[in-house]
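Subject: Structure handover

Hello,

Please find the structure below, with the sequence alongside. My notes on what was found in it come after.

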Amino acid sequence: MSEMNEYTPDLFELIDEEGNKKQFELIDVAEIEGEQYFAMLPAVEDDDFLNGDCELVILKSIEEDGEEILASIDDDDEFETVSRFFMERLQDALED
């Protein structure tokens, strides 16, 4: 029975443009207008982290040199559309 209550998050180690590595937890995945997007939160690192504000990170799956990678969304309109989609889904999930 205790196995049903166990939660194992999907963690991704992302590397920013400066080469810094950070762990993120996958919150949601969606296909929007034929593109795949990932919503993530920074992984919980310590108790101080829990008291701070968490910012939702949204990345887009792209192919680069024949390999699938996650990249930031550069187009403001695209980012706004995808952000709104994920925020509405998260709000709906919290209300349930």
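In these notes, two residues are in contact when they have heavy atoms within 4.5 Å of each other. Leaving aside neighbours within four places in sequence, Arg 89 is in contact with Asp 28, Val 29 and Ala 30. Please keep in mind throughout that this is a predicted model.

Overall layout

The chain holds 3 helices and 5 strands. Going along the sequence, their order is α-β-β-β-α-β-β-α. The chain has 96 residues, and 25% of them count as buried.

Arg 89 and Asp 28

Back to the residue I began with. Arg 89 belongs to helix H3. Its side chain makes a polar contact of 2.6 Å with the side chain of Asp 28. Arg 89 has a relative accessibility of 36%, so it counts as partly exposed.

Strand pairing

Strands S3 and S4 are paired in the antiparallel sense, over 4 bridges. In this pairing Ala 39 stands opposite Ile 58 of S4. Strand S4 (residues 57–64) is also joined to strand S5 (residues 67–71), by 5 bridges, and these two strands run antiparallel as well. Glu 64 has Glu 67 in S5 as its bridge partner. S4 and S5 make up a hairpin, with 2 residues between them.

Nonpolar cores

Which residues make up the largest nonpolar core? It has 9 residues: Ala 30, Ile 32, Tyr 37, Ala 39, Leu 56, Ile 58, Ile 73, Val 82 and Phe 86. Two or more of these residues come from each of strand S2 (21–32), strand S3 (35–42) and helix H3 (76–95). Another core, of 6 residues, lies apart from it; Leu 14, Phe 24, Leu 26 and Phe 38 are among its members.

Ala 39, a member of the largest core, touches Glu 25, Leu 26, Ile 27, Asp 28, Leu 56, Val 57 and Phe 86, if residues up to four places away in sequence are not counted.

Lys 60

Is Lys 60 buried or exposed? Lys 60 sits in strand S4. Its relative accessible area is 16%, and the limit for buried is under 20%, so Lys 60 is buried. The side chain of Lys 60 is joined to that of Glu 78 by a polar contact of 2.9 Å. With neighbours within four places in sequence left aside, Lys 60 is in contact with Glu 35, Gln 36, Tyr 37, Ile 69, Leu 70, Ala 71, Ile 73 and Glu 78. Of these contacts, Tyr 37 and Ile 73 are also listed in the largest nonpolar core.

The largest pocket

The largest pocket has a volume of about 400 Å³. Its lining has 15 residues, and the closest to the pocket centre are Leu 14, Ile 15, Asp 16, Leu 59 and Leu 70. Strand S1 (11–15), S2, S4 and S5 are the elements that give two or more residues to this lining. Leu 14 was named above as part of the 6-residue core, and Leu 70 as a contact of Lys 60.

A last point concerns the backbone. Most residues other than glycine have a negative phi. Where do Glu 33 and Asp 65 lie? Glu 33 is in the loop between S2 and S3, and its phi is near 50°, a positive value in a residue other than glycine. Asp 65 is in the loop between S4 and S5; this residue is not a glycine either, yet it has a positive phi of about 55°. Glu 33 counts as exposed, because its relative accessibility is 76%. Asp 65 is exposed too, with a relative accessible area of 80%.

Regards

Conventions:
Residues are numbered from 1 along each chain as its sequence is written. This is a predicted model: local features need pLDDT of at least 70, side-chain atom pairs count only at pLDDT 80 or more; totals for chains, interfaces and linings use all residues. Side-chain values use heavy atoms; hydrogens and water are left out. A nonpolar core is a set of buried Ala, Val, Leu, Ile, Met, Phe, Trp, Tyr and Cys residues joined through side-chain atoms within 4.5 Å. Buried means under 20% relative accessible area, exposed over 50%, partly exposed in between (1.4 Å probe, protein chains only). Two strands pair if DSSP finds at least two bridges between them. A polar contact is a pair of N or O atoms within 3.5 Å; within protein, one must be able to donate a hydrogen and the other to accept it, and residues adjacent in sequence count only if both atoms are side-chain atoms. On a 1 Å grid over the protein atoms alone, a cavity is a set of points where a 1.4 Å probe fits but cannot get out, and a pocket is an open set with protein on both sides within 12 Å along at least five of seven lines; lining residues have an atom within 4 Å of a point. Grid points are joined across faces, edges and corners, and a volume is the space filled by probe spheres set on the points.
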